[in-house]
Amino acid sequence: MPPIGLGTFQNTYGDECIESVTTALDVGYRHVDTAQDYGTEAFVGEALAESDVDREEVFVATKVWNDNLAYDDVMQTVEESRNRLGLDTIDLLYIHWPAGAYDPEETLAAFDELYEAGDIRHVGVSNFTVEELERARAVLDAPIFANQIEVHPLCQQPDLREYCAEADIEVVGYSPLARGRVVDVSELRDIAAEYDATAAQVSLAWARQRDVTPVPMARTEQYIKENYASLNLTLSEETLATIDALDEERRTIDPAYAPW
């Protein structure tokens with residue numbers, strides 16, 4: 001999996017979303033994250049079609065929404081997602097939440113079938129706790145490739161990340177900038193000044209060095225480039241430990257149907 005992705009959550013204006021994805025691909029991103037519920041799959045598909053970057057170089061991930069997790073609905077809506085994205089194969093397909101119509105036996109049977117048919121390259125889950133991961137792993141034939149969870153300096157989820165590492169499950173971090181809140185953290189601003197970087201870049205570098213693939217959403221060329229430049233930033237172990245101490249278990253996404 002490429003080390004950073006472009007998130008498209010809330011980037012729902014067509015031309016703006018298409019332009020941001022196209023810009024990201026031009027800058028060097030090779031991982032684009034979308035979801036049925038975001039309403040951005042068609043825009044991502046158009047950007048992929050317009051880009052000069054070869055399709056096989058781009059890692060495309062999407063998610064099946066809670067209402068679509070019954071077996072027949074998974075099969076139908078994933079076909080619709082593939083059509084919107086303009087893809088024969090989706091690189092990574094997530095269960096968006098273990099909620100709504102989610103039933104491990106029924107839902108995961110559909111994911112296994114899609115995996116065996118080659119319609120998806122990898123099976124993923126999102127917002128799964130350790131308990132939900134264990135239930136899913138007991139049912140699935142295909143390996144769980146990734147668990148997408150909220151991870152940033154204010155919400156680090158170390159126990160869940162440790163479990164994923166032991167189970168060989170990639171951790172993908174959504175809201176890696178805490179929806180902009182990291183820029184208000186004085187410790188991160190101080191570190192940023194020390195490294196001649198931004199607080200956002202420090203947060204993304206911390207995630208990467210803690211084996212998390214961040215997928216920050218960005219609309220403008222400036223922020224798309226700034227986020228990508230975080231790949232050139234390496235933090236010292238002392239700095240990483242300072243950021244580790246900032247954890248407040250403060251989520252920005254916490255719906256009533258969450259499993260925690």
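Visitor: What is W65 in contact with, leaving aside its neighbours within four places in sequence?
Guide: W65 is in contact with Q36, D37, H96, W97 and Y257. Contact means heavy atoms within 4.5 Å.

Visitor: Before more of that, what am I looking at, experiment or prediction?
Guide: This is a predicted model: local features need pLDDT of at least 70, side-chain atom pairs count only at pLDDT 80 or more, and totals for chains, interfaces and linings use all residues. Residues are numbered from 1 along each chain as its sequence is written, and side-chain values use heavy atoms, with hydrogens and water left out.

Visitor: Back to W65. Where is it found?
Guide: W65 is in the loop between β3 and α3. Helices (H or I, at least four residues) and strands (E, at least two) are DSSP runs, numbered from the N terminus.

Visitor: Is W65 buried or exposed?
Guide: W65 counts as buried, because its relative accessibility is 17%. Buried means under 20% relative accessible area, exposed over 50%, partly exposed in between, with a 1.4 Å probe and protein chains only.

Visitor: How far is W65 from E194?
Guide: Their C-alpha atoms are separated by 42 Å. Along the chain, W65 and E194 are 129 residues apart.

Visitor: Which residues do ring pairs link into a cluster with W65?
Guide: W97, Y257 and W260. Rings of Phe, Tyr and Trp (its six-membered ring) pair if their centres lie within 6.5 Å; planes under 30 degrees apart count as stacked, over 60 as edge-to-face and the rest as tilted.

Visitor: What sits over the ring of W260?
Guide: The charged end of R251, 3.6 Å from the ring centre. The criterion is NZ of Lys or CZ of Arg within 6 Å of the ring centre and within 35 degrees of the ring normal.

Visitor: What does T129 touch, not counting residues up to four places away in sequence?
Guide: T129 touches W260, along with L160 and P259. T129 lies in the loop between β5 and α5. At 15% relative accessibility, T129 counts as buried.

Visitor: How many aromatic pairs does the structure hold?
Guide: Seven. One of them is F9 with Y38, a tilted pair at 5.2 Å centre to centre and 55° between the planes. The pair links distant parts of the chain, 29 residues apart. F9 is in the loop between β1 and α1, and Y38 in the loop between β2 and α2.

Visitor: F9 and Y38: buried or partly exposed?
Guide: F9 counts as partly exposed, at 32% relative accessibility. Y38 counts as buried, at 12%.

Visitor: And what about the rings of Y29 and Y228?
Guide: Their centres are 5.0 Å apart and their planes at 40°, so the pair is tilted. Y29 lies in the loop between α1 and β2 and Y228 in helix α9, so the pair ties together parts 199 residues apart in sequence. Y29 is buried, with a relative accessible area of 1%. Y228 counts as partly exposed at 25%.

Visitor: New topic. What order do the strands of the sheet have?
Guide: The order is β1-β2-β3-β4-β5-β6-β7-β8, an open sheet of eight strands with parallel pairing. The edge strands are β1 and β8, each pairing on one side only. Two strands pair if DSSP finds at least two bridges between them.

Visitor: How many bridges join β5 to β6?
Guide: Four, and these strands run parallel. S126 stands opposite Q148 in β6.

Visitor: How many join β6 to β7?
Guide: Five, again with the strands parallel. The bridge partner of I149 in β7 is G173.

Visitor: Why is β6 described as largely enclosed?
Guide: Because seven of the seven residues of β6 are buried.

Visitor: What lies across β6?
Guide: Helix α6, residues 158-166, lies across β6, β7 and β8. Helix α6 runs at about 170° to β6. Axes are lines fitted to C-alpha atoms, for helices over the stretch in contact, and angles run from 0 to 180 degrees between N-to-C directions.

Visitor: What unit do β6, α6 and β7 make?
Guide: A right-handed β-α-β unit. Right-handed means that, with the strands pointing away from the viewer, the path from the first strand over the helix to the second runs clockwise. β5, helix α5 and β6 also make a right-handed β-α-β unit.
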